[in-house]
2 protein chains.
Amino acid sequence: MPIERVAIIGLGLLGGSVGLAVQERLPAVRLSGFDADPAVRQRAAERGLVHTVADDAAEAVRGADLVILCVPVGAMRSAAKAIAPGLSEQAIISDVGSSKQRLAKALAEELPGHHIIPAHPVAGTEQSGPDAGFASLFARRWCILTPPEGADGAKVAQLAGFWEALGSKVEIMDAAHHDMVLAVTSHIPHLIAYTIVGTASDLEEVTRSEVIKYSAGGFRDFTRIAASDPTMWRDVFLHNKDAVLAMMQRFEADLGAMRAAIEAEDGEAMFDLFTRTRAIRRGILDEGQDDARPDFGRGHE
Amino acid sequence: MPIERVAIIGLGLLGGSVGLAVQERLPAVRLSGFDADPAVRQRAAERGLVHTVADDAAEAVRGADLVILCVPVGAMRSAAKAIAPGLSEQAIISDVGSSKQRLAKALAEELPGHHIIPAHPVAGTEQSGPDAGFASLFARRWCILTPPEGADGAKVAQLAGFWEALGSKVEIMDAAHHDMVLAVTSHIPHLIAYTIVGTASDLEEVTRSEVIKYSAGGFRDFTRIAASDPTMWRDVFLHNKDAVLAMMQRFEADLGAMRAAIEAEDGEAMFDLFTRTRAIRRGILDEGQDDARPDFGRGHE
């Protein structure tokens, strides 16, 4: 049974990209959408992110086979409440949130008896809002589904097929494991980036203008990540607290070891680490998960 | 008095880029070069990174008005020793090293009475070796000169003019301040990137294959930086030990504060930091120090 009607709640970078990708790759699907912000609704209608922008969340999901919540994880519970009156019994309720355990619990509490299959397309940019989305965001990126115990296998397959149609590769995993994996590959990198950019802007010995001018030495990469949506990321750290703290402890211990190596002028320990880390980069390029051109193919002219 | 003959010692990413940039922008300048590795010398000759590849460092610098040492900072002293017999009295001796205080001392000791003006073009990519260089590497990037006390003003102006001709913007500062600024904008970001990539590859709960697959969540940016040349970076941390340790202390304190905010579920503290950091990104884009396109303009198809 193909998915015929999709409702998108939240029309920012992720929601907008889903809408545009569906129109490009699943042209038979009918799309409706809603955003709590009237200005975003208007812009979404202007850009044609979905076919119909509803003025009400429950209205947007009426008749949808698949509802995708594309709001910050901290807003998922209230989004679930808002759509509840409009949901059809057979609809799949999914999302795009970056942390899954707490979210799955909140959705299950708000929408008992519904087919809830949380999902996380591991894709994005530092931009946000209704102008940020684009149709190819999910191409060749992984989308992780975390179906709860007892989920309907046919619905899981339907959702997997939907993401594959948008160009994604799909993996199914346990929500707790998802949260651990993403703590490492996404949450801690964001936390580190936000922190070092904060450290640099608070220095007295080095001016903000100097930090900006000489950012091409490596720092500017961190500022891109640290320009990501503050609400989204605050919610991620609140929701995935335990895994983030566990991974942070490892990182801090490893950083302490590097500090000790620098203090002891132990060049061998540094050289060993700096050599090992190249293998991971090669793996990412071999797997097609990044642009192989130097400097990400950044323009140099 | 224009610079007529330039010698480049070390023909990797930086040395090769200087050679190519000179040929493009200063076609009247005659270029000679040397690298301690015969395979690099051969490749440099094949690519035409300089007009003449010498088989000996002293030979390469004979008759040069400007000698640029483009070797890892830990190899600068022996490079200086090697060129000494061929240097003319009026030649400017400069370099492209990422840390300046210890280096200036080493050069002054090895080449007494010579015109030493250390320099640092803040530009690079994660690639290294004689195939990595390209002519536009320095365009619109800053080059910092750190002339020692008593340096010849005319020589400093000549060197500044040389870098401006290659497309750089030039700033003059004290070596100690340089080392502090670059610790923040370059050295600490590299150390953090190397460390988190190491942390991720050593985990037991998360496989290396998972780290690679889901790296698009932010981690892959760090792996690019952590793919940089290990020898170069080991030397930077050994040479700029004090400033790196001082800045690391600030970063670790700030990271501790973020950990405390997550433990206390203090969403406001997080939101505040995550909002402040966007200003620095805007400054970098306004100053033309990064690609403004989302995701650095990475290919998404």
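Which elements are included in what covers the buried residues of α2(A)? In this predicted model, local features need pLDDT of at least 70 and side-chain atom pairs count only at pLDDT 80 or more, whereas totals for chains, interfaces and linings use all residues. Residues are numbered from 1 along each chain as its sequence is written, and chains are lettered from A, with ligands numbered from 1, in the order in which they are written.

The cover over the buried residues of α2(A) includes α1 (13-25), β2 (30-34) and β3 (52-53) of chain A, where contact requires that the C-beta atoms of two residues, placed from the backbone, lie within 7 Å; helices (H or I, at least four residues) and strands (E, at least two) are DSSP runs numbered from the N terminus. Within α2 (residues 38-47) of chain A, the buried residues are V40(A), R41(A) and A44(A), a residue being buried if 20 or more other C-beta atoms lie within 10 Å of its own, exposed if 12 or fewer, and partly exposed in between. These three lie on the same side of α2(A) because they cover an arc of only 105 degrees around the axis, the arc being that of the directions from the helix axis to the C-beta atoms. P38(A), A39(A) and E46(A), on the other side of α2(A), are exposed. The residue that follows α2(A) is G48(A), with a positive phi near 65 degrees.

An open sheet of 6 strands, with parallel pairing, has the order β3-β2-β1-β4-β5-β6 in chain A; strands pair if DSSP finds at least two bridges between them. β3 and β6 (115-116) of chain A stand at the edges with a single partner strand each, so one side of each is left without a neighbour in the sheet.

Chain A is divided into domain 1 (5-173) and domain 2 (177-265), with bounds from an automatic or database domain assignment. Their centres, taken over C-alpha atoms, are separated by 29 Å, and their contact takes 15 residues from domain 1 and 17 residues from domain 2 of chain A. Helix α5 (residues 101-110) of chain A gives the largest share of the domain 1 side, 3 residues.

Between the chains, the contact takes 96 residues from chain A and 96 residues from chain B. On the side of chain A that touches chain B, the largest share, 19 residues, comes from α7(A).
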